[in-house]
Amino acid sequence: MNLQNAAVEGLVAVLVIGWIMYRQTRWQVLDPTRLWRGPIILGVVGFLQMKSVLAGGTPSVTAVALLALSAALGLGFGLVMGLLSQVRTGAEGLEARTGWIGSALWIVLLAVRIGVDVVARMAGAEAVTSIGAILLVVALNRVGRALVLARRAEQARMVAAH
């Protein structure tokens, strides 16, 4: 990987994470379409990028283990972020925001992810450090959050119907 690619990948990661952190501190209408759009887009882009990274050969056992660990952490943090989210009834229906605690969890997830990258580089598992792997972790994080928020929204709708 050359310096230009690393700079572009770093910029993309910062922009995606900054955008998500900004959005999760603002009240957003709980629209099922919008709730799943981000995770799907990030997941597809991450998958396609990982596919090209892995085209060179089979990943090592260490790489697979670190990718699985990253995926589990991303999903787990997303589930917690969904549980911590505030839900309210707004002018357009249900609204949610993760808030500053969720943003703090993002920082923790990033720190853990950086630690995983350091271990991956030391172990020669470069595929784990690719932008595709990072985007997949972010997508899984958003999936975890969306799962919890979709469930909470359904429960709120059921309570309102009674």
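**Notebook: charges, sheet and surface**

I began inside the protein and found that Arg 113 counts as buried, at 8% relative accessibility. I am working from a predicted model, and I kept that in mind for each entry below.

**Entry 1, the partner of Arg 113.** I looked up what the side chain of Arg 113 meets, and found a salt bridge with Asp 117, at 3.2 Å from N to O. Asp 117 is buried too, because its relative accessible area is 14%, which falls under the 20% cut-off. Both residues belong to helix α4 (residues 99-123), and because they are 4 residues apart there, about one helical turn separates them.

I noted a count of 3 salt bridges for the structure. One of them links Arg 121 to Glu 126, with the closest N and O atoms 2.9 Å apart. Here I recorded Arg 121 as partly exposed at 47% relative accessibility, and Glu 126 as partly exposed at 42%. Another joins the side chains of Arg 88 and Glu 95, at 2.7 Å from N to O. For this pair I wrote down that Glu 95 is buried, with a relative accessible area of 12%, whereas Arg 88 counts as partly exposed at 37%.

I then asked myself over the face of which residue Arg 88 lies. I found that Arg 88 sits over the face of Trp 27, at 4.0 Å from the ring centre. When I looked for pairs between aromatic rings, I noted that the structure holds 0 of them.

I traced an open sheet of 3 strands, in the order β1-β3-β2, with antiparallel pairing. Its edge strands are β1 (28-29) and β2 (86-90), each of which pairs on one side only. Between β2 and strand β3 (residues 93-97), which run antiparallel, I noted 5 bridges. As an example of a bridge partner, I recorded Leu 94 in β3 for Thr 89.

Which residues make the nonpolar surface patch of about 410 Å²? I listed Ile 40, Val 44, Phe 47 and Leu 48. I followed up Ile 40, which lies in helix α2 (residues 32-54). Ile 40 counts as exposed because its relative accessible area is 53%, and the cut-off for that label is over 50%.

Technical notes. Residues numbered from 1 in each chain as written. Predicted model: local features only at pLDDT ≥ 70, side-chain atom pairs only at ≥ 80, totals over all residues. Heavy atoms only, no water. Phe/Tyr/Trp six-rings, centres within 6.5 Å; stacked < 30°, edge-to-face > 60°. Lys NZ or Arg CZ within 6 Å of the ring centre and 35° of its normal. Patch = residues over 30% accessible without salt bridge, like charges linked within 9 Å, V, L, I, M, F, W, Y side chains within 5 Å. Areas by Shrake-Rupley, 256 points an atom, 1.4 Å probe, with all protein chains shown as cover. Salt bridge = Lys/Arg side-chain N within 4 Å of Asp/Glu carboxyl O. Helix = DSSP H or I, 4+ residues; strand = E, 2+ residues; numbered from the N terminus. Buried < 20%, exposed > 50% of the residue type's maximum accessible area, 1.4 Å probe, protein only. Pairing = 2+ DSSP bridges.
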